[in-house]
Amino acid sequence: MLDLAQIYNGYYLEKSLLSVMPEAVLIVFAFLILLAGLFNNPSKNSVNSYYLALIGVAFSFLYLFMLSDHTIKGFYGSIVFDKFDVFLFTAILLSGFLTILMSKNYFDTRSVLIPEYYSLVLFSVSAMMLLVSSINLIMIFLSIEFMSICAYILTGYLKGESRSTEAAMKYFVLGTFASAFLLFGSVFIYAATGHLSLYKIHNFIFEQNYNAHYAYNLHTFLAIGLILLLVGLAFKMSLFPFHAWTPDSYDGAPTPVTNLMATGIKIAAFGVFIRVFTSIYSFNVFNFYNILWILAILTMTFGNFAALLQTDLKRLIAYSSIAQAGYILIGVIAGGYYGISGTLFYLLAYVFMTAGAFAIIIMFENLNLASVNIKSYSGLGYKYPLAGAAFSFFLLSLAGIPVTAGFMGKFFVFSAAIKSGYYWLVVIALLNSAFAAYYYIKIIVKMYMSDNNNNGGQLNLSNGRNSIIINAVNTNKDSQSYADNGSGKTALTEAVSLKSAAPALIIAIIICLIFTLILGIFPQPVISFASRSVTSLWSI
Amino acid sequence: MSIFLKYILSIIIFFPLLSALILVFVNKKAEGLLRNLATVLSLAEFAISLFLFIYFKSNTYEFQFIERFSWIREFGASYFLGIDGVSLFMILLTTLMTFVSLLSSYKYIKDHVKEFVILMLVLETFMLGTFASLDVLLFYLFWEFMLIPMYFIIGMWGSGRRIYSAVKFVLYTLAGSLIMLFGLITIFILHYNQTGNFTFNLLKLYNTNIPLTLQIVLFIAIFLGFAVKVPVFPFHTWLPDAHTEAPTAGSVILAGVLLKFGVYGFFRFAIPLMPEAALILTPIILVLAVISIIYGALVSIVQKDLKRLVAFSSVSHMGFIMLGLFAMTAVSVDGSVLQMINHGISTGALFLFVGMLYERRHTRLIADFGGLAKKAPIFAALFMIAVLSSVGLPGLNGFVGEFLILVGSFKQYTIFTIFATSGIIFAAVYLLWMFQRVMFQDITNQKNEDFKDMTLREIMTVLPLIFLMFFIGLYPDVFLSRINPTVVHFVNIIEHNKYAYNLIKAKMGLFNA
């Protein structure tokens with residue numbers, strides 16, 4: 001195969017470019033989409049930009065694959081492309097890919113500008129990848145800003161809807177606040193150590209640890225800097241006290257964007273957190289492990305309790321994603337080879353199960369079969385056996401029941417934590433996941449076990465309301481009329497629903513389903529992939 | 001044939017899953033076809049599992065029919081199957097009970113037949129996998145997923161407060177299992193710290209040297225997971241609800257197989273992994289077991305609902321099994337394992353009869369029945385046999401198991417055994433009194449006048465169980481001879497550890513009384 005790194009070896013600028021090749025490809029395609037918007041007529045635009053976006057992601061994958069064996073440092077050591085990136089890029093690109101697949105069907109039924117949407121998605125995906133590969137505090141700040149600005153716009157993309165605008169506004173204000181914290185933290189760390197590169201800071205702290213004469217005020221600066229940096233990153237990871245934006249913006253954003261925020265942004269945030277954590281925080285300075293320990297417990301406990309009270313499905317998943325962040329954090333705290341590879345595995349598993357759940361929500365939302373209110377899901381399991389079974393499977397995976405990716409991820413992370421001696425943390429996390437099972441099961445109860453007599457009426461009500469708000473596609477009328485006839489025509493309704501749901505959406509669901517199952521039953525290849533990619537973290 | 005025997009455990013485990021896959025492609029309108037196909041496939045499964053019985057070598061405690069493939073190298077987990085004398089009969093019990101419960105639900109399950117039979121077959125796969133796996137991670141995978149089909153069976157086809165019961169069942173067992181997972185992972189990590197190898201191989205984990213204090217903590221953690229399943233006294237509250245609201249087939253599987261997982265878990269995992277902690281905590285567990293026996297029996301006496309009565313009698317009977325297991329003599333453990341089979345058969349049969357009563361009269365209240373014996377003589381006769389087997393009449397299976405348990409534990413734990421014996425008397429009280437009120441006396445309720453006797457299918461359903469009641473009661477040696485080597489080995493492990501235990505006891509002055 002063409003070995004790019006070999007050809008460009010020795011040329012500094014080219015090497016720098018090479019280190020961001022997968023991101024650069026996405027940015028090029030994002031601009032192509034915008035350009036194509038100028039020349040085509042509006043009706044064709046949405047289709048073209050959709051395919052261009054998919055091709056862009058495919059090319060990015062291709063470059064990722066071609067470069068996957070190399071470690072390339074670029075831009076004066078502020079960006080690195082290594083094996084750790086390869087794993088996280090795969091996860092982020094998959095998240096972007098699934099988001100694009102889900103978007104088409106969702107936006108076709110709503111009157112919004114399409115081409116800009118796809119280019120924004122590509123921009124934000126490339127920003128996530130940049131974030132993961134940056135090893136310099138300035139670069140981290142720039143990438144986070146790049147990623148956040150795209151996310152703010154995407155959140156408010158449903159122009160007419162007040163919820164969407166409100167979500168974007170909240171996200172923007174709080175996000176800017178968090179970015180300021182991050183920047184302020186970086187400044188303090190720079191003041192204390194005189195370095196911006198993560199690894200130089202790492203070495204500096206390592207040396208000063210044994211230096212009794214290290215100036216006291218610099219020590220304080222370092223402490224303040226580390227705490228502020230943690231706050232800035234915790235915001236993006238939506239850890240407990242910094243989570244307040246999550247439910248509102250997840251709820252108000254268009255559902256595909258919610259998926260991108262819940263999977264892509266979270267992965268990128270955790271990716272950069274792992275980079276920072278394994279370098280700067282690695283000596284347990286100022287007992288940072290204890291702070292994280294408490295954060296993890298608060299995050300999952302709060303997330304689970306709040307999720308329990310929700311009646312809106314998107315909010316429920318938002319809170320549950322806060323809880324999931326708590327579980328993922330356990331892997332980071334456990335640390336070491338085992339803990340970090342567990343975290344990576346969990347992140348990938350999390351992409352598939354969350355994206356799968358969102359894809360199904362979009363499908364029901366699009367067909368006007370159900371609103372995001374949990375009540376409207378009653379009896380859906382009978383009317384749409386396949387979709388219902390798939391949704392249950394994703395929910396069980398989120399709950400961490402075996403045979404699913406979620407279980408393997410939890411198992412991996414928890415055993416790493418026990419290995420590092422965090423017994424109580426694991427006990428609390430396990431109690432939490434038993435507790436969390438309740439609200440996931442609550443949805444399954446709604447789908448399968450509520451009374452059949454009532455839901456016909458309920459369903460029609462929600463149908464009527466939705467079709468006023470949203471221009472229904474023709475096929476919806478069919479499905480509606482079948483729904484009226486009750487469970488007798490389930491097979492027919494299922495056929496109709498599958499036909500009218502865009503094939504892209506179904507492909508997304510099937511991909512998620514297959515990978516959730518494979519990661520749960522035979523995770524060996526992914527575990528070795530994660531383990532191999534972790535080694536590069538400590539070898540720079 | 002040799003290849004068949006080499007992979008027979010995998011075949012047995014995954015045949016029901018394959019059957020379920022076949023059934024997915026059958027039109028859901030063809031309910032008769034679905035029912036027949038599922039029943040025939042589960043019968044075929046039972047037939048395949050009989051090969052295990054035939055080719056099982058009864059003179060060794062070593063695991064047989066071993067299969068082993070690498071699964072997750074990073075954790076040292078492998079696809080590791082094998083059975084000994086105990087799991088052999090558990091597997092046979094599972095395949096038989098699944099067949100029986102599928103056969104029993106022709107009339108009871110009216111809607112969503114396709115989903116029902118598929119779930120039953122999927123459930124069977126996971127139950128069999130749990131009994132056959134010797135790899136802890138694999139075991140846990142099968143163990144916990146088993147909840148999901150059972151949850152659907154209770155929640156979708158149950159009666160009354162089915163959703164409440166189903167959710168309660170899942171949350172109780174899930175919480176227990178997750179705490180157990182903590183214990184299992186800790187042992188796994190300890191083994192790694194001692195040997196430098198990650199492994200989930202149970203036979204290797206047996207050699208882990210766990211410090212005593214940690215052993216007690218871990219034993220309690222794992223105890224919670226299994227005790228919820230058994231269920232032992234304070235953890236039993238999910239059982240009456242789940243049993244009462246589940247459809248007949250669900251109750252039969254619950255009583256017949258699912259409850260056995262708890263005891264099996266103690267036998268296979270908890271006690272051999274942490275023998276010293278088990279010995280130290282034995283008095284406490286025995287107290288709980290005896291409380292289960294007496295409490296279950298007393299509560300049974302006052303039940304008005306037939307199914308609740310049988311459910312509480314399960315608590316009582318499972319107490320006997322726990323007593324036998326934790327008395328830890330060869331005879332009592334033999335009896336305990338045999339009683340596991342017996343309880344599956346007898347209580348399964350009782351649930352079948354209650355189910356038939358419910359199908360005919362749509363009520364389960366004892367007060368609504370009376371005088372049925374005149375109208376349905378076959379029903380009365382067969383029901384009587386099941387009741388007597390559960391009471392423990394000599395000549396039927398229940399007697400052998402309970403007798404062995406009591407004889408085995410009498411010498412060591414005299415007082416506990418004396419108290420436990422009262423459970424048998426109470427069993428006679430609540431079962432025979434129930435039988436008298438339901439079957440004898442005059443017909444007081446007009447609706448009972450046209451009570452129909454058993455159909456051929458119903459007779460076929462209970463006949464294998466009735467046959468086994470007599471067979472085990474009259475000639476238990478076929479079973480005991482296969483169970484015994486495994487049990488003797490198990491007891492030897494405990495005896496081996498008793499020396500260390502006595503040292504500790506002397507040192508700590510524990511339980512001097």
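Reply: Happy to! A salt bridge here is a side-chain nitrogen of Lys or Arg within 4 Å of a carboxyl oxygen of Asp or Glu. Keep in mind that this is a predicted model.

Me: Good. How far apart are the closest N and O atoms of A:Glu166 and A:Lys170?

Reply: They are 3.0 Å apart, and the two residues form a salt bridge. Both sit in helix 8 (residues 162–193) of chain A, 4 residues apart, about one turn of the helix.

Me: Switching to chain B: which residue does B:Arg161 form a salt bridge with?

Reply: B:Asp241, with the closest N and O atoms 3.4 Å apart. B:Asp241 lies in helix 11 (residues 238–245) of chain B and B:Arg161 in the loop between helix 7 and helix 8, so the pair ties together parts that are 80 residues apart in sequence. B:Asp241 is buried at 5% relative accessible area, while B:Arg161 is partly exposed at 47%.

Me: What does B:Lys168 form a salt bridge with?

Reply: B:Asp241 again, at 2.8 Å between the closest N and O atoms. B:Lys168 is in helix 8 of chain B and B:Asp241 in helix 11, so this pair links parts 73 residues apart in sequence. Both B:Lys168 and B:Asp241 are buried.

Me: How many salt bridges are there over all chains?

Reply: The search of the whole structure finds 15.

Me: And how many cross the interface of chain B and chain A?

Reply: The rule finds 0 there, though it does find 4 residue pairs in polar contact, both residues at pLDDT 80 or more. On the chain B side, helix 8 gives the most, with 16 residues. By class, that side has 28 nonpolar, 3 polar and 6 charged residues.

Me: How much area do chain B and chain A bury between them?

Reply: About 3700 Å², 79% of it on carbon and sulfur atoms. In chain B, the residues losing the most area to chain A are B:Glu74, B:Phe75 and B:Phe182, together 15% of what that side buries. The contact takes 37 residues from chain B and 40 residues from chain A.

Definitions and conventions: Residues are numbered from 1 along each chain as its sequence is written. Chains are lettered from A and ligands numbered from 1 in the order in which they are written. This is a predicted model: local features need pLDDT of at least 70, side-chain atom pairs count only at pLDDT 80 or more; totals for chains, interfaces and linings use all residues. Side-chain values use heavy atoms; hydrogens and water are left out. Contact means heavy atoms within 4.5 Å. Buried area is the accessible area (1.4 Å probe) that two parts lose on being put together, summed over both. A polar contact is a pair of N or O atoms within 3.5 Å; within protein, one must be able to donate a hydrogen and the other to accept it, and residues adjacent in sequence count only if both atoms are side-chain atoms. Helices (H or I, at least four residues) and strands (E, at least two) are DSSP runs, numbered from the N terminus. Ala, Val, Leu, Ile, Met, Phe, Trp, Tyr, Cys and Pro count as nonpolar, Asp, Glu, Lys and Arg as charged, and the others, Gly among them, as polar. Buried means under 20% relative accessible area, exposed over 50%, partly exposed in between (1.4 Å probe, protein chains only).
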